[in-house]
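The following note sets out several points on the model for the attention of colleagues. Please read them alongside the sequence and coordinates.

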Amino acid sequence: MMNIVKSFIADERGATAIEYGLIAAGIALAIITVINGMGSRLNAKFTSISTSLK
């Protein structure tokens with residue numbers, strides 16, 4: 001029984017999967033933030049162009 005518990009504690013496969021998940025979530029958050037910022041600036045630019053064309 002103690003060998004099973006020691007084996008479970010020493011097993012790091014789940015920790016690696018969690019780390020990869022956290023990295024993927026961080027990258028996704030960075031991409032969303034950049035796209036959001038670009039979207040706002042593009043919207044302002046298109047609005048400016050639209051106004052100047054009228």
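1. The protein chain has 2 helices and 0 strands, where helices (H or I, at least four residues) and strands (E, at least two) are DSSP runs numbered from the N terminus. Its radius of gyration is 24 Å, well over the 10 Å that the globule rule gives for 54 residues, so the chain is more spread out than a compact globule. That radius is taken over C-alpha atoms, and the globule rule is 2.2 Å times the number of residues to the power 0.38. The C-alpha trace spans about 80 × 10 × 10 Å along its principal axes.

2. This is a predicted model, in which local features need pLDDT of at least 70 and side-chain atom pairs count only at pLDDT 80 or more, while totals for chains, interfaces and linings use all residues. Residues are numbered from 1 along each chain as its sequence is written, and side-chain values use heavy atoms, with hydrogens and water left out.

3. Of the 54 residues, 0% count as buried; buried means under 20% relative accessible area, exposed over 50%, and partly exposed in between (1.4 Å probe, protein chains only). The accessible surface of the chain comes to about 5100 Å², of which 70% belongs to carbon and sulfur atoms. Areas come from the Shrake-Rupley method with a 1.4 Å probe, and for residues only the protein chains shown count as cover.

4. Helix α2 covers residues 13–53 and includes Y20. Y20 counts as exposed because its relative accessibility is 58%.

5. K45 is also found in helix α2, and its 52% relative accessibility makes K45 exposed. K45 and M1 are 44 residues apart in sequence, with 67 Å between their C-alpha atoms.

6. S40 lies in helix α2 and counts as exposed at 52% relative accessibility. Between S40 and F8, 32 residues apart in sequence, the C-alpha to C-alpha distance is 49 Å.
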